[in-house]
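I'd like to walk you through some side chains today, so let me put the structure up.

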Amino acid sequence: MILYHGSNVEVKNPQILISKRLLDFGTGFYTTSDFEQARKWAVRSAKIREIGEPIVSVYELDDSCFKSLKVLNFKSADKDWLHYICNHRKNQNVTDDDYDLVTGPVANDQTFRTVNNFIDGYLTEEIALQLLLPQKLKDQYTFKTEKALNFLHFTEVIK
């Protein structure tokens, strides 16, 4: 499987960096199988950081990882996905988050308002899920441990 990482720098050796940003799946190295999604993140990263240029690093994922790692896979933006990302975005201690790899939909600009309104209590779970249902969300693969990163192999950079 081919995965992409969009950034303002080339990333030949992915690392799990502790960040103050509250991300969907918590701390980890984020990738996607959708090149266009990675390209947009690369452009955004270069613009926000005001340094570097938009760069998409390309990787091959050894599929044996799904048998060797503890993987959490959200197939859709369902109730479990919503609560998982909300817990991370609220910076709540996620006690059962000992996964090596987490995969599933990415909360994008279109869903950000819905997720935030749910977190802030303006939307019920049922209404939030109804609003998320028609969204065509891209995927994300978040490598949360060094063990998981060992299955990811850098192949090239696209500028």
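Let's start with Cys 65: it counts as buried, because its relative accessibility is 0% and the cut-off for buried is under 20%. Cys 86 is buried too, with a relative accessible area of 2%. Keep in mind that this is a predicted model. And for those of you wondering about cysteine bonds: how many disulfides does the structure hold? The count is 0.

On to the rings. The structure holds 6 aromatic pairs, and I'll take you through two of them. One is Phe 25 with Tyr 84, an edge-to-face pair with 5.8 Å from centre to centre and 65° between the planes. Where do these two sit in the chain? Phe 25 is in the loop between strand 1 (2–7) and strand 2 (29–31), while Tyr 84 is in helix 3, residues 79–89. Are the two partners buried or exposed? Phe 25 counts as buried at 0% relative accessibility, and Tyr 84 counts as buried as well, at 8%.

The other pair I picked is Tyr 59 with Phe 154, again edge-to-face, at 6.0 Å centre to centre and 70° between the planes. Tyr 59 is buried, at 0% relative accessibility, whereas Phe 154 comes out as partly exposed, at 26%.

Lys 70 lies over the face of Tyr 99, at 5.0 Å from the ring centre.

Last stop, Val 56. This residue lies in strand 3, and it's buried, with a relative accessible area of 3%. What does Val 56 touch, leaving aside its neighbours within four places in sequence? Its contacts are Tyr 4, His 5, Phe 35, Ala 38, Arg 39, Ala 42, Glu 156, Val 157 and Ile 158. Take Glu 156 from that list: along the chain, Val 56 and Glu 156 are 100 residues apart, yet their C-alpha atoms are separated by 8.6 Å.

Terms used
Residues numbered from 1 in each chain as written. Predicted model: local features only at pLDDT ≥ 70, side-chain atom pairs only at ≥ 80, totals over all residues. Heavy atoms only, no water. Disulfide = S-S within 2.5 Å. Buried < 20%, exposed > 50% of the residue type's maximum accessible area, 1.4 Å probe, protein only. Phe/Tyr/Trp six-rings, centres within 6.5 Å; stacked < 30°, edge-to-face > 60°. Helix = DSSP H or I, 4+ residues; strand = E, 2+ residues; numbered from the N terminus. Lys NZ or Arg CZ within 6 Å of the ring centre and 35° of its normal. Contact = heavy atoms within 4.5 Å.
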